[in-house]
Amino acid sequence: MLRKNWILFYILIISKLSFGYINISPTSFDKNIGKGAYQEFTLYNNTSIPVRYRIEPQKMSGKDVGDMSEWIEVYPKVITIDPANEKMFKVYIKSKGKPLDGDYGAFLNIKQISAPKLKDKKDLDIGAGMIVMTNLNMGLYGYVGAENLNLEILKPTITKNDNKYYLKTEITNKTNRLGRIKVEAKVDKNRYYPIGEMRIMKNQTLILDNEIKNLKDRNEIKEIVITDTETRKVLNTIKI
């Protein structure tokens, strides 16, 4: 009976310590790699044991997206994070040679590797050997091309369903490269309701049917505002 109890206790420890996932923010890039672009990412360790990650760019292949993996610089390439802590790493991407205008992509492979054991923490030493290694391929995108986004927008409409309001419209990217946009409903000079933030690839049409968060009265909305998140320029303002 005592042996069975120990086996059960051992299984419970493994189950608790082996549940792993990668928690990272932000999860996108979407910047001008022709000029050179920089982004900081933060990895979080929400477990009770130290974790270590190796970060490496990997090739992305696709007929509509060029590969930018060889242009990516990562620092540091190995990160150790103590329990209930976080650490940052930096990514810089700049195209080389004379690349064609368009969209580019790569995977950022974030792989958990053997973690160091904390001094004077025997229980953590045991756990470090039991955890299941996690492995994430996070897609990053960048572009070479026009400075400003050119969007074509179908006249937006606002509908109501189950006491919630929704924005319906279509947004087409007429630019020779991707962009990242933020869509909001403007109430007054300094007040907006969020609708969504999204990547839009070259020649892509996004079909929106998004909830307008926190909106209680349809008549509050004066305009729909679309902003380029990279440059923070307002691209389109549509009266409602």
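Guide: A charge counts as sitting over a ring if NZ of Lys or CZ of Arg is within 6 Å of the ring centre and within 35 degrees of the ring normal. Under that rule, the charged end of Arg177 sits over the ring of Tyr143, 3.9 Å from its centre. Lys31 has its charged end over the ring of Phe29, at 5.8 Å from the ring centre.

The model is predicted, with local features requiring pLDDT of at least 70 and side-chain atom pairs pLDDT 80 or more, while totals for chains, interfaces and linings use all residues. Numbering runs from 1 along each chain as its sequence is written, and side-chain values use heavy atoms, with hydrogens and water left out.

Next, the ring pairs. Rings of Phe, Tyr and Trp (its six-membered ring) pair if their centres lie within 6.5 Å; planes under 30 degrees apart are stacked, over 60 edge-to-face, and the rest tilted. The count is 2 aromatic pairs. Phe41 and Phe89 make a stacked pair, 5.4 Å centre to centre with 15 degrees between the planes. Phe41 belongs to strand E3 (residues 37–45) and Phe89 to strand E8 (residues 85–93), so this pair links parts of the chain 48 residues apart (strands, E, are DSSP runs of at least two residues, numbered from the N terminus). Phe41 and Phe89 are both buried, that is, under 20% relative accessible area with a 1.4 Å probe and protein chains only; exposed is over 50%, and partly exposed lies in between.

The tilted pair is Trp71 with Tyr104, at 5.5 Å centre to centre and 50 degrees between the planes. Trp71 is in the loop between strand E5 (66–67) and strand E6 (72–75), whereas Tyr104 is in strand E9 (residues 102–113), 33 residues apart. Trp71 and Tyr104 are buried as well.

Turning to the backbone, there are cis peptide bonds to note. One joins Tyr75 and Pro76, with omega about -10 degrees; Pro76 is in the loop between E6 and strand E7 (78–81). Another joins Ser25 and Pro26, where omega is about -10 degrees, and Pro26 lies in the loop between strand E1 (23–25) and strand E2 (31–32).

Positive phi values outside glycine also occur. Asn203 has a phi of about 65 degrees and is placed in the loop between strand E15 (191–200) and strand E16 (205–211). Its relative accessibility is 57%, so Asn203 counts as exposed. Asn214, with phi near 75 degrees, is in the loop between E16 and E17. Asn214 is exposed too, at 54% relative accessible area.

Gly139 is in strand E10 (residues 135–144). Beyond four places in sequence, Gly139 is in contact (heavy atoms within 4.5 Å) with Thr27, Met60, Ala106 and Phe107.

Finally, confidence. The protein chain has a mean pLDDT (the predictor's confidence in each residue, from 0 to 100) of 87, and 84% of its residues reach 70 or more. Residues 2–19 are below 50, and this stretch has 11 contacts in the model beyond near neighbours in sequence. Residues 123–130 also stay under 50, with 13 contacts beyond four places in sequence.

Technical notes: Helices (H or I, at least four residues) and strands (E, at least two) are DSSP runs, numbered from the N terminus.
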